[in-house]
Amino acid sequence: MAMKMMKFFCAMVVCMVLSSSYAEALTCSDVSNKITPCLNYLKQGGEVPADCCAGVKGLNDAAKTTPDRQTACNCLKTSFKSNKDLKSDFAASLPSKCGVNIPYKISLETDCNKVK
């Protein structure tokens, strides 16, 4: 009986580890949710709202791995391509205005495959 419980417990731990690694992968939905409070700033400039900076910081914290940073980069580029009202110069300055250092420039010209 103890051996069956041990096998069951080990199987559960393996499942939890595997599911947690997939659950933590960054998605475009995550990126969109984090930058939604920034849309007015990205269109019109002006003062960056506090909830926008919270989202930028949260996105930076969530993008801990190279694949996550590349996903964030690609998602941001896709958002900019689909919304012509967003201004690239406002986007490029957003991380520094929020006190966040990201390893790439937010720009349509950024090659997200080179983001580390």
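**Figure 1. Overall architecture of the predicted model.** From the N terminus on, the elements of the protein chain run α-α-α-α-α-α. The model is predicted, and the chain contains six helices and zero strands. Of the 116 residues in the protein chain, 32% are buried. Among contacts with a separation of 6 or more, 76% are accounted for by residues 24 or more positions apart. The chain exposes about 7,700 Å², of which carbon and sulfur atoms supply 59%.

**Figure 2. The largest nonpolar core.** This core has 27 residues, and those with the most contacts inside it are Leu 42, Leu 94 and Tyr 104. At least two core residues each are supplied by helix 2 (28-35), helix 3 (39-44), helix 4 (50-62), helix 5 (66-82) and helix 6 (88-97). Helix 5 gives the most, with five residues.

**Figure 3. Surroundings of Leu 42.** Not counting residues up to four places away in sequence, Leu 42 touches Phe 80, Asp 85, Leu 86, Lys 87, Phe 90, Ala 91 and Leu 94. Leu 42 and its contact partner Leu 94 are both among the residues with the most contacts inside the largest nonpolar core.

**Figure 4. Pro 49 in the loop between helix 3 and helix 4****.** Pro 49 is classed as partly exposed because its relative accessible area of 28% lies between the limits of 20% and 50%. When residues up to four places away in sequence are not counted, Pro 49 touches Pro 37 and Tyr 41. Pro 49 and Cys 38, eleven residues apart in sequence, are separated by 7.1 Å in space, C-alpha to C-alpha.

Definitions and conventions. Residues are numbered from 1 along each chain as its sequence is written. This is a predicted model: local features need pLDDT of at least 70, side-chain atom pairs count only at pLDDT 80 or more; totals for chains, interfaces and linings use all residues. Side-chain values use heavy atoms; hydrogens and water are left out. A nonpolar core is a set of buried Ala, Val, Leu, Ile, Met, Phe, Trp, Tyr and Cys residues joined through side-chain atoms within 4.5 Å. Buried means under 20% relative accessible area, exposed over 50%, partly exposed in between (1.4 Å probe, protein chains only). Helices (H or I, at least four residues) and strands (E, at least two) are DSSP runs, numbered from the N terminus. Contact means heavy atoms within 4.5 Å. Accessible areas come from the Shrake-Rupley method with a 1.4 Å probe; for residues, only the protein chains shown count as cover.
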